[in-house]
Amino acid sequence: MLTLVGFIGVLACLFPIPHKTIVQVLSIAILSFSLYMEGGISNQEEWELKVKEAEAKTAQKETAAAEVTVKVVTKYVKQIQVVKETGDVIIKEIPTYITKVDDAKCTVPNGFVLLHDSASRNEVPNTTRPVDAGASEVKISGVAETVVTNYNTYYQISEQLKALQAWVREQQLNSNK
């Protein structure tokens, strides 16, 4: 609308009218201002369109990221269940491989118990502490159960790490699209 007023003012200046100079200056000012505003409005529309496109792309990536998370977590939960069940089966089989007779024949020294317990806490055993060189009350089947439990925990953590690495790789691929 202002552009039209500016054009009319410029055209009106071609005809003899009183205060022609004032009309010319006002017409040029109105024309310049209206062209500036039209450019600003056009520029604003372009930016709004770009923002909407970016928001849509972000939403798409967020959806894809959530799908990756669900996929990786589902696989991880299944793998952890398999590892846990395998460990439980192995523990149930200990009496098959280590009988009560084996428990009675095999003594576990107190030094081994001390060393094993220190290692499980990631500590160096206290060498100033005297160690009873005799046999502990721990049975070899108990040692086997502890070892199986520790390995089972290791494999669960291993599966967790694999799942986290897969999640990071897939999220990187998703974000680079």
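In the predicted model, buried residues account for 18% of the 177 residues in the protein chain. The accessible surface of the chain amounts to about 13800 Å², and carbon and sulfur atoms contribute 65% of that area.

The secondary structure of the protein chain comprises 5 helices and 0 strands. Read from the N terminus, the order of elements is α-α-α-α-α. Among contacts with a separation of 6 or more in the chain, 81% are formed by residues 24 or more positions apart.

Empty space in the model was examined with a probe. Rolling a probe the size of a water molecule over the atoms shows where such space is left. The largest pocket has a volume of about 160 Å³. Two elements, α2 (20-97) and α5 (140-175), each supply two or more residues to the lining of this pocket. The greatest contribution comes from α5, which gives 6 residues to the lining.

The lining of the largest pocket includes Lys71, Val72, Lys75, Tyr76 and Gln79. Also in the lining are Glu159, Lys162, Ala163, Ala166, Arg169 and Glu170. By residue class, the lining of the largest pocket consists of 6 charged, 4 nonpolar and 1 polar residues.

Technical notes. Residues are numbered from 1 along each chain as its sequence is written. This is a predicted model: local features need pLDDT of at least 70, side-chain atom pairs count only at pLDDT 80 or more; totals for chains, interfaces and linings use all residues. Side-chain values use heavy atoms; hydrogens and water are left out. Helices (H or I, at least four residues) and strands (E, at least two) are DSSP runs, numbered from the N terminus. Buried means under 20% relative accessible area, exposed over 50%, partly exposed in between (1.4 Å probe, protein chains only). Contact means heavy atoms within 4.5 Å. Accessible areas come from the Shrake-Rupley method with a 1.4 Å probe; for residues, only the protein chains shown count as cover. On a 1 Å grid over the protein atoms alone, a cavity is a set of points where a 1.4 Å probe fits but cannot get out, and a pocket is an open set with protein on both sides within 12 Å along at least five of seven lines; lining residues have an atom within 4 Å of a point. Grid points are joined across faces, edges and corners, and a volume is the space filled by probe spheres set on the points. Ala, Val, Leu, Ile, Met, Phe, Trp, Tyr, Cys and Pro count as nonpolar, Asp, Glu, Lys and Arg as charged, and the others, Gly among them, as polar.
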